[in-house]
Structures are given as C-alpha cells and as structure tokens.
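Work through these exercises with the model in view. Try each task before reading its solution.

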Amino acid sequence: MRIADFALERYFARWEFAVEHVLGASDVEGWSMAELLELADGEARAMWNGLRLGYTESTGHPKLRAEIARLYDSVEADDVLVFAGAEEAIFCLFNSSVEAGDHVIVTWPGYQSLYEVARAAGAHVSLHALREEDGWSLDVDRLIRSFRPETRLVVVNAPHNPTGMLPSEADWRRLAAACAEARIRLIADEVYRFLEHDGAATLPAGADLDDRAVSIGVMSKSFALAGLRIGWLATRDRAVLDRCARQKDYTTICSSAPSEVLALIGLRARERVLARSRAIVGANLAVLDDFFARRADALTWVRPEGGSIGFPRLVQGGSAGSSAERFAAALVEKTGVLVLPSSTFGFGDSHFRIGLGRTDLPEAIEAVDGFLGA
Ligand SMILES: Cc1ncc(COP(=O)(O)O)c(C=O)c1O
C-alpha cells in the first residue's frame, strides 16, 4: 500500500523530543507509573503483580474490553476490539471498510489518517471544511447535502482536533439519524470525549446512536495515558470488528500485556483520571483566555469547546509576519517552544495548533509572549 506522508507526525518526529516545551501536543500530561499503580483496585493489582509477558488475546483482554464497554450505553465487551492506540484502529478500520470507487466524507482540517487511509485504499474523499467564520461549527445541513449514492462513510471527530469544535447534541443526533437513513456508516472519532469545557455535556457516543456506527476511543487524550498505546473500536456491528481483526493480524496481532492491565487500572479509576485531566486543561484555558485577550494585536482564536487542543490564527507574528509556518519555525528556533503550523494539516498558512494538556503551558505561553515582543 502506498500512502502519503503523515505531515503532522513527520513534523513531530523532527521536533517533539528536541524542544523545551511541546505546546502543540494533543495529549494530556501523562500519569507516572507510580501514581497510576496507586489507583489499582485489588484485582488489578494482583493482575499486575502476577502478569506473565506472553502474547495476549488478539481482541484485547476480556476485562479491559468489559471496562471499555462501560463507557457506552449499548455496547458489550464483544462489541469492542482493542488496538495499539487509536491510530492502529483507524488504519485497520479504513483499510477494511472502503474500496476503489467508494465515497467518504471527513471533517477538515483534521487528523490526517482519518482521510488518508481511505484515499490510499482507493476511495474518493470529500473534505467537509469547518469554517472559522462559523466558529468552526459542524454544518450538518451542508454535510448531509454532500451525501452521494456511493457514500459509504461519514467521519466526524468531536471534540475536534485541531479546532476544539463540539457539535450541539441536537445536530449530532440529526447527523447520526441522517446517516442511518441513508445507510451510510458514521465513524465517530471520540478520542477527546469527556473533555468538554465549561460544563458542556458529553455527547452520546456514535456507537450508541446507530447499530452500524463505529466509535473510536483511546487512552492517550482524556485519560492521559498516551504511552500505553491502547485504543479501541466500539460498534454493535460485529462484522466490522471481524474485518478489522483480520487486518490486525498483519499489524500488531495483539496488544502489549502490561499496557492492557495499566489501561484497565486507568479506566476503573476514570473519575479521578478524568478529573485530573479536566483540571489541567481548565487551568490552561484560564491562562490562554488572559493571553489571547492581551495579545489580540498578534493572535485571535475561536475558543475551543472541548478537547485538549485549540487552533489560533496568527495576525502578526513579529518578524514572521502572518505566516504560521515561518512563525512556528522562528518560535521553535529562538525559544524552544513547539507549535504545529496549519500547513501540517494541509490547511493554509494562517493558523497553528496548540495543546491544552501539558502542565508547562504557562511557561511556554510566557516564552511565546516574549517572542511576540511589546
Ligand atoms: C482525532 C485523533 N484521532 C486519533 C488520534 C490517534 O491517537 P493515538 O496517537 O493515541 O493513537 C489522534 C492523535 O492525535 C487524534 O487527534
């Protein structure tokens, strides 16, 4: 299979571990092993202590799948397939769900694998552009108008990377109902689910809205455990999981045994885990509210409604002018602060992504402030 480079991941590969502050990251500051193990209940602690490092069940540990199923209303353990991160899930799902001539609609700007894998599999992809002038909102009517007879999948990531867009529940339900009626499968990338801001409600999961819809989840973002590389697909359509399992035989076969137990511990303690993530993101949002209010000369943003990311517009970035790419390059060289220019999303040169999940955000923002000058 030939597939285009993943521009964002290539950018990270160059910079992520060479800089002082990763302000462009989408994950939440990871838990330490010691802190996570403190959260283990008796059963999980015994599983951890007695763990044997052999191969694991290719579908995922039954207790982990049962715990993941509890995140949904209508999903059982057998409706869950565990992967190495959401990324492997996305690869297997799209590779096994579309073929040449199929049509797929994907929200954009967006996480590249959500459209690139389908493209590489021969599908025709329409990008559903979110518009800054509409507050990056999901235009459900426009999206439904773009359905075609050969449309197989509608892919929506919400809360959305990179804009932090969160549809209203009414719009979300309306879209799911329209997809169901047209026999189009809704793919809901919900890796930022449970990180809604300002008391906004968590949307119903895609997999709960329609028995053919697929929800994508992961431990990396809201659950702040990216290093586990544990993600999943949840759907009541088991034929989809069966096809994906056959793909997974060619990728990782099964998950990492220690990671499965650690993910179980994190999910069983999810109230504490999510409270910590929300506290980090909330504190960072307060810093950013102040920063964007003070630096309206240089930057504007549509405040994100959910997730651990935001997508500001560069108005005037000092010597970099209004080019986000030049701004990001000069910023990282001069201050060691990494942001992701919108070119890594193939989305013009006016925006950049920042992450809200890292605890060093206040220092990183101070450095950006200094860089922008008086
Ligand atoms: C929308 C979206 N989906 C999927 C992923 C992949 O998650 P992971 O890297 O944990 O596999 C990401 C990661 O940034 C993402 O932003």
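**Exercise 1. The largest pocket**

How do the residues of the lining of the largest pocket divide into nonpolar, polar and charged?

Solution. This is a predicted model, in which local features need pLDDT of at least 70, side-chain atom pairs count only at pLDDT 80 or more, and totals for chains, interfaces and linings use all residues. Residues are numbered from 1 along each chain as its sequence is written, and side-chain values use heavy atoms, with hydrogens and water left out.

Step 1. On a 1 Å grid over the protein atoms alone, a pocket is an open set of points where a 1.4 Å probe fits, with protein on both sides within 12 Å along at least five of seven lines; lining residues have an atom within 4 Å of a point. Ala, Val, Leu, Ile, Met, Phe, Trp, Tyr, Cys and Pro count as nonpolar, Asp, Glu, Lys and Arg as charged, and the others, Gly among them, as polar.

Step 2. The lining holds 12 nonpolar, four polar and nine charged residues.

Step 3. Find the centre. Of the 25 lining residues, E9, S26, Y111, K221 and R229 lie nearest to it.

Step 4. Find the elements. Helices (H or I, at least four residues) and strands (E, at least two) are DSSP runs, numbered from the N terminus. Helix 1 gives the most to this lining, with four residues. Helix 5 (85–97) also supplies at least two.

Step 5. Note the volume. The largest pocket has about 530 Å³ of space. A volume here is the space filled by probe spheres set on the grid points, which are joined across faces, edges and corners.

**Exercise 2. The second largest pocket and F6**

Which residues line the second largest pocket?

Solution. Step 1. List them: I3, A4, F6, E9, E87, I90, F91, Q112, S113, E116 and V117. Helix 5 and helix 6 (113–120) each give two or more residues to this lining.

Step 1. Sort them. Six are nonpolar, two polar and three charged. The volume of this pocket is about 180 Å³.

Step 2. Pick out F6. F6 sits in the segment before helix 1 (7–15). F6 counts as buried (under 20% relative accessible area; exposed is over 50%, partly exposed in between, with a 1.4 Å probe and protein chains only), because its relative accessibility is 15%.

Step 3. List its contacts (heavy atoms within 4.5 Å). Leaving out residues up to four places away in sequence, F6 touches E87, Y111, Q112 and S113.

**Exercise 3. E132**

With which side chain does the side chain of E132 make a polar contact?

Solution. Step 1. Locate E132. The residue lies in the loop between strand 4 (124–129) and helix 7 (140–145). At 17% relative accessibility, E132 counts as buried.

Step 1. Name the partner. The side chain of E132 makes a polar contact with that of R313, at 2.8 Å. Such a contact is a pair of N or O atoms within 3.5 Å; within protein, one must be able to donate a hydrogen and the other to accept it, and residues adjacent in sequence count only if both atoms are side-chain atoms.

Step 2. Not counting residues up to four places away in sequence, E132 touches V302, R313 and H351.

**Exercise 4. Aromatic rings**

Why is the pair of W108 and F347 edge-to-face?

Solution. Step 1. Set the rule. Rings of Phe, Tyr and Trp (its six-membered ring) pair if their centres lie within 6.5 Å; planes under 30 degrees apart count as stacked, over 60 as edge-to-face and the rest as tilted.

Step 1. Count. The structure holds 11 aromatic pairs.

Step 2. Apply the rule. The ring centres of W108 and F347 are 4.9 Å apart and the planes stand at 70°, so this pair is edge-to-face.

Step 3. W108 is in strand 3 (residues 103–108), and F347 in the loop between strand 13 (340–341) and strand 14 (352–355), 239 residues apart. Both W108 and F347 are buried.

Step 4. Widen the view. Ring pairs link W108, W136, F311, F345 and F347 into a cluster.

**Exercise 5. Backbone details**

Solution. Step 1. P159 is in the loop between strand 5 (151–157) and helix 8 (169–181). Omega of the bond from A158 is near -10°.

Step 1. Another cis peptide bond joins N161 and P162, with omega about 15°. P162 also lies in the loop between strand 5 and helix 8.

Step 2. Turn to phi. D198 is not a glycine, yet has a positive phi of about 55°. D198 is exposed, at 66% relative accessibility.
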